[in-house]
Amino acid sequence: MKNNEKLIEQAKDILYKNDVDGYTVPTHGLYPFQWNWDAAITALGWMKTDESRAWLEIEMLLKGQWDNGMVPHIIFHQEVDSYFPGPKVWGVDKDIPTTAISQPPVLVSIVKMMAEQAKDQKLAQEKLTQMLPQLIAYHQWWYNDRDPENTGLVVSYHPWESGMDNSPAWDKSLAAVPPVTWQYKRKDLEHVDSDERPHANEYDRYLYLVDFFKKSNFDSEVIYRDCPYKMYDVGIISILHKATKDLVSLCQTSKVNEQHVTWFNKQIALTESAINTLWSDEQNSFLNTDAITKESFPVLTTGTLMAIYGELANKEQSAKLKILMKSWLDETEFGISSTYAKCAQYEPQRYWRGPVWLHINWLLALGAEHYGFNEESLQLKEASQTLIEKSGYFEYFNCETGAGCGGDDFSWTAAIALHWFL
Ligand code: DGY
């Protein structure tokens, strides 16, 4: 790459700049706490400069784990008032305040990668042994809490849980959620242009759901029964599936109780069969589906393509997804837009409605590699390199121009560049 040394130095500087007492904020101001999937991905970047700091990132994240096993989507390690909604709005009364939902569970897969690539194997094995019970509890929580009827498909309760907040795949189900009736002031718009962020009508409903969790006393059974938003999110299901396979492999090498391996293998088999109910022959893709109305949404998003990363597509499905991925890639020179450009809801620079995200390019490249789609995997990597050379380390990028959007000096963008190609 051009300017490789300079880009490496800048990426490392971003990690150090965003380090706050052992955890890394995604970017100061806009996101001043520790986020779940950001932390995992950022730890991969730390592996390139300070392995013990990388392990600390995961330990800090796991400090926020709930007794029921959930690893929350945000850990509010300290009070900072540049973000809304903060810990008071979420109302979680714990030593370390957190939100009440989780996020795409890339965590175990990344811990496995860290252990495999660690130069300090003694440290890696020590950390792995220490955190494995917590990782097992996290995955048990996903299946027990989010799939209590053992269908093979976990449900998600909030667009923020998907990590792909304003993806058009959630539009219809979110519109069925009532808006909050109290007044509030968003802080994200003090940091980022409103045309790169979700709309007010979406925030009204995001907050209704936050209130609903609180009013339900965070009781899993009540929430499963009454939550007005329940989604079969192909992204979460796929990421969880891949991570559970990685967890089984970690349990086997660490000689953990065989019963865990058997139980997780049962969940893996259930999902491999149930995922077919989300397949659409018309769209030649898996589709996100409302778990309450059972309506599936024919909008193609990076979430739907995640089945490739999750290794959930069978031979026929993967052949069709390869064609889809190829034409998707041909629409932009910067990788996979978060919504397929031919979909009516596509907007090139509004957060998850079109922009390109570096970690998504990377996850999809891993999936493409797994299926032997070598050309697509290479195209994703080269497109990502072009993007970083052109625009640096933004949160996401306008998929037509490559211009940086959202927060600048962004931790996971720097981390993925360091891990993947710098
Ligand atoms: C936000 O506040 O925009 C975050 O995406 C929520 O996780």
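## Spaces and helix packing

The structure holds 3 cavities of 30 Å³ or more. This is a predicted model, in which local features need pLDDT of at least 70 and side-chain atom pairs count only at pLDDT 80 or more, while totals for chains, interfaces and linings use all residues. Residues are numbered from 1 along each chain as its sequence is written, and side-chain values use heavy atoms, with hydrogens and water left out.

A word on terms: on a 1 Å grid over the protein atoms alone, a cavity is a set of points where a 1.4 Å probe fits but cannot get out, and a pocket is an open set with protein on both sides within 12 Å along at least five of seven lines; lining residues have an atom within 4 Å of a point. Grid points are joined across faces, edges and corners, and a volume is the space filled by probe spheres set on the points.

The largest cavity has a volume of about 200 Å³. It is lined by 19 residues, and Tyr31, Trp35, Gln103, Asp165 and Tyr351 lie nearest its centre. That lining has 12 nonpolar, 3 polar and 4 charged residues (Ala, Val, Leu, Ile, Met, Phe, Trp, Tyr, Cys and Pro count as nonpolar, Asp, Glu, Lys and Arg as charged, and the others, Gly among them, as polar).

The second largest cavity holds about 100 Å³ of space. Trp66, Asn68, Met70, Ala100, Trp141, Asp145, Arg146, Tyr157, Phe213, Phe218, Ser220 and Ile223 line the second largest cavity. Helices (H or I, at least four residues) and strands (E, at least two) are DSSP runs, numbered from the N terminus. By class, the lining of the second largest cavity has 8 nonpolar, 2 polar and 2 charged residues.

Next comes the largest pocket, with about 290 Å³ of space. Of its 17 lining residues, Glu79, Val80, Gly86, Pro87 and Lys88 are the closest to the centre. The lining of the largest pocket divides into 10 nonpolar, 2 polar and 5 charged residues.

| Helix pair | Angle | Axis distance |
|---|---|---|
| H3 (residues 51-62) and H5 (residues 107-117) | about 155° | 12 Å |
| H6 (residues 121-146) and H11 (residues 234-253) | about 140° | 11 Å |
| H5 and H11 | roughly 45° | within 7 Å |

With helices H3 and H5 packed at an angle of about 155°, H3 is therefore roughly antiparallel to H5. Angles under 35 degrees count as roughly parallel, over 145 as roughly antiparallel, 65 to 115 as roughly perpendicular and the rest as oblique. Glu51, Ala54, Trp55, Ile58, Leu61 and Leu62 of H3 make the contact with Leu107, Val111, Met114, Ala115 and Gln117 of H5, where contact means heavy atoms within 4.5 Å. By class, this contact has 9 nonpolar, 1 polar and 1 charged residues.

H6 and H11 pack at an angle of about 140°, which makes H6 oblique to H11. On the H6 side, Leu128, Leu132, Leu135, Ile136, His139, Trp142 and Tyr143 meet Ile236, Leu240, Ala243, Thr244, Leu247, Leu250 and Cys251 in H11. The residues of this contact divide into 12 nonpolar, 2 polar and no charged.

H5 and H11 are oblique to each other too. Here Val108, Ser109 and Lys112 in H5 meet Lys242, Ala243, Asp246, Leu247, Ser249 and Leu250 in H11. The contact of H5 with H11 has 4 nonpolar, 2 polar and 3 charged residues.

Two backbone details round out the picture. Phe84 and Pro85 are joined by a cis peptide bond, with omega about 0°, and Pro85 is found in the loop between strand S4 (74-75) and helix H4 (87-90). Asp21 has a positive phi of about 50° although it is not a glycine; this residue sits in the loop between strand S1 (19-20) and strand S2 (23-24).

Terms used. Axes fitted to C-alpha atoms, helices over the stretch in contact; angles between N-to-C directions.
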